[in-house]
Amino acid sequence: MIGKLKENPSITRMIARYDQLPRRDQQALKLMTVVVLAALLYFAVWQPVAQYHDQAVADRQNAAELLAWMQENRVTIRELAGDSGSAGNNAQKPADGRELMATVTSTAREAGLDLQRFEPSGDDAIRVWLENVPFTQVAAWLEGLNSDHGILIDQAALDRRETPGIVSARLTLAI
């Protein structure tokens with residue numbers, strides 16, 4: 001391969017020019033080549049590897065701190081998880097899409113909300129549209145769905161209207 005490089009006319013001319021340089025210039029060129037290669041090695045290899053290592057060490061330290069905090073607060077975390085509805089609300093959680101639709105429509109009616117449109121979204125979700133309704137009613141209704149029935153908000157888009165406190169909402173609710 002080196003032989004093929006030496007046969008290249010551009011390389012041959014460069015070698016000839018190098019041979020014509022005075023000895024001191026040849027030594028300076030060799031030194032400059034070594035410095036450029038060392039700088040390239042440092043900036044292209046060493047520095048990125050060192051930065052990656054430092055970031056990995058910092059990430060590991062953060063993960064260790066988070067793990068220690070979670071272990072210290074294990075009881076509190078479990079209590080909060082139990083209070084969020086996973087333990088007591090499973091009995092009232094809808095079993096399928098039909099029960100979900102029935103629960104959503106009946107609780108909306110009880111909350112005084114008029115569903116403009118609703119449709120199933122897969123086996124365990126429902127899309128709901130509400131127009132020009134008080135935000136506080138929507139928020140209270142959604143909180144009740146979550147705390148009483150274990151229904152989760154998968155997606156939500158709320159648009160405010162000109163009247164303060166009035167919104168239009170597009171929601172995807174899931175079991």
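Predicted model: local features only at pLDDT ≥ 70, side-chain atom pairs only at ≥ 80, totals over all residues.

Modeller: Residues are numbered from 1 along each chain as its sequence is written, and side-chain values use heavy atoms, without hydrogens and water.

Colleague: How many salt bridges does the rule give?

Modeller: A salt bridge is a side-chain nitrogen of Lys or Arg within 4 Å of a carboxyl oxygen of Asp or Glu. The count here is four. One of them joins Glu119 and Arg117 at 3.1 Å, N to O. Arg117, Glu119 and Arg127 are linked in a network.

Colleague: Which residue forms a salt bridge with Glu131?

Modeller: Arg161 does, with the closest N and O atoms 3.7 Å apart. Helices (H or I, at least four residues) and strands (E, at least two) are DSSP runs, numbered from the N terminus. Glu131 lies in strand β2 and Arg161 in the loop between β3 and β4 (166-174), so the pair ties together parts 30 residues apart in sequence.

Colleague: What is the phi of Asn132?

Modeller: Most residues other than glycine have a negative phi. Asn132, in strand β2 (residues 125-134), has a positive phi near 50°. Between Arg160 and Asn132, the C-alpha to C-alpha distance is 8.5 Å, although they are 28 residues apart in sequence.
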